[in-house]
Amino acid sequence: MGGEPLVALDLADTLITVTEPAADLIGTQDASATWWALQSGSLPPGPVPDAAAMRRLRAAIRDVMDAHLEGRDARPTSLDDINAAAASAPMSPRLVMTAGGIRREERWHTEHGGNAALAAIAAEVIGLLADPERLGLLRRCANPACSMFFLAENKRRKWCTSNICGNRTRVARHYQRTHTDRAGGT
């Protein structure tokens, strides 16, 4: 977690759905604060969002991504939740003068409520879903014991992380192959 180009994917991956019950990696205040600190460089500055709003957006993101990968329609409420989060803190480009000259920056409008971080994450999801080429890179880890999403910039990529899930899968396959051979030879 934390290595994907979109914070939205990292947020979705904070819920491990292959365990019973699902494991929430940001379920405690401390875990949530740690996750937000890790993501702070990729998000607009501002307060950490309300936990309920964060979980609601995460559920919506997971639903639209699962729907895409499963070839089904996302729940209308998921689209509504993503759109509402994006609209809650609109962004506008602006020019600012710096010592190095004029540069562009973004201003998040939170004066009427809303959270800029959640709005930025929702905007990422909207951008991903509206870009068929990039959406075609969306994958779920091939390890059956993992539920993480990732963007497969490399067409051969099958695992969220090759050094964890990829190695586990290869080790399990090797174990199965060597133990099946031994069982068959005795």
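Biologist: Among contacts between residues at least 6 apart in sequence, what share joins residues at least 24 apart?
Modeller: In the protein chain, 51% of those contacts join residues at least 24 apart. Please keep in mind that this is a predicted model.

Biologist: How many helices and strands are there in the protein chain?
Modeller: The protein chain has seven helices and six strands. Read from the N terminus, the order of elements is α-β-β-α-α-α-β-β-α-α-β-β-α.

Biologist: And what percentage of the residues is buried?
Modeller: Of the 186 residues in the protein chain, 34% are buried.

Biologist: Let us turn to α3. Which residues does it cover, and how far apart are its end C-alpha atoms?
Modeller: Helix α3 takes in residues 51–70, and its end C-alpha atoms are 28 Å apart. At 1.5 Å a residue, its 20 residues should span 28 Å, so the two values agree.

Biologist: What caps its N-terminal end?
Modeller: D50 caps α3 there, with a side-chain oxygen 3.2 Å from the backbone nitrogen of A52.

Biologist: And what comes just after α3?
Modeller: G71 follows, with a positive phi of about 70 degrees. In general, most residues other than glycine have a negative phi.

Biologist: Which residues of α3 are buried?
Modeller: They are M54, L57, R58, A60, I61, R62, D63, V64, M65, D66 and A67.

Biologist: Now α5. How many residues does it have, and how far does it reach?
Modeller: Helix α5 covers residues 116–129 and has 14 residues. From its first C-alpha to its last it reaches 20 Å, close to the 20 Å expected at 1.5 Å a residue.

Biologist: Why is α5 described as largely enclosed by the rest of the structure?
Modeller: The description holds because 10 of its 14 residues are buried. The buried residues are A116, A117, L118, A119, A120, I121, A122, E124, V125 and L128.

Biologist: What is found at the start of α5?
Modeller: A side-chain oxygen of N115 comes to within 2.9 Å of the backbone nitrogen of A117.

Biologist: Tell me about A117, then. Is it buried or exposed?
Modeller: A117, which lies in helix α5, is buried, with a relative accessible area of 6%. Not counting residues up to four places away in sequence, A117 touches W36, L43 and P44. A117 and A86 are 31 residues apart in sequence, and their C-alpha atoms are 9.4 Å apart in space.

Biologist: How do α3 and α5 pack, in terms of angle and axes?
Modeller: Their axes are 11 Å apart, and the angle is about 5 degrees. That makes α3 roughly parallel to α5. A53, M54, L57, I61, V64 and M65 of α3 make the contact with L118, I121, A122, V125, L128 and L129 of α5.

Biologist: Where does α4 come in? At what angle do the axes of α3 and α4 cross?
Modeller: Helix α4 spans residues 76–88; its axis and that of α3 come within 8 Å and cross at roughly 125 degrees. That makes α3 oblique to α4. The crossing is left-handed. On the α3 side, R56, L57, A60, I61, D63 and V64 meet S78, L79, D81, I82 and A85 in α4.

Biologist: And how do α4 and α5 pack?
Modeller: Their axes are 7 Å apart, at an angle of about 130 degrees. That makes α4 oblique to α5. The contact involves I82, N83, A85, A86 and S88 of α4, together with L118, A119, A122, A123, V125 and I126 of α5. This crossing of α4 and α5 is left-handed.

Biologist: A change of topic: which peptide bond is cis?
Modeller: The bond from E20 to P21 is cis, with omega near 0 degrees. P21 sits in the loop between β1 (15–16) and β2 (23–24). In general, most peptide bonds are trans.

Biologist: Finally, where does P5 lie, and with which residues is P5 in contact?
Modeller: P5 is in the segment before α1 (7–12). Apart from neighbours within four places in sequence, P5 is in contact with R134 and L151. P5 counts as partly exposed, because its relative accessibility is 49%. P5 and E124 are 119 residues apart in sequence, with their C-alpha atoms 10.0 Å apart in space.

Technical notes. Residues are numbered from 1 along each chain as its sequence is written. This is a predicted model: local features need pLDDT of at least 70, side-chain atom pairs count only at pLDDT 80 or more; totals for chains, interfaces and linings use all residues. Side-chain values use heavy atoms; hydrogens and water are left out. Helices (H or I, at least four residues) and strands (E, at least two) are DSSP runs, numbered from the N terminus. The expected span of a helix is 1.5 Å times one less than its number of residues. Buried means under 20% relative accessible area, exposed over 50%, partly exposed in between (1.4 Å probe, protein chains only). A polar contact is a pair of N or O atoms within 3.5 Å; within protein, one must be able to donate a hydrogen and the other to accept it, and residues adjacent in sequence count only if both atoms are side-chain atoms. Axes are lines fitted to C-alpha atoms, for helices over the stretch in contact, and angles run from 0 to 180 degrees between N-to-C directions. Angles under 35 degrees count as roughly parallel, over 145 as roughly antiparallel, 65 to 115 as roughly perpendicular and the rest as oblique. A crossing is left-handed if the near helix is turned anticlockwise from the far one by less than a right angle, and right-handed if clockwise. Contact means heavy atoms within 4.5 Å.
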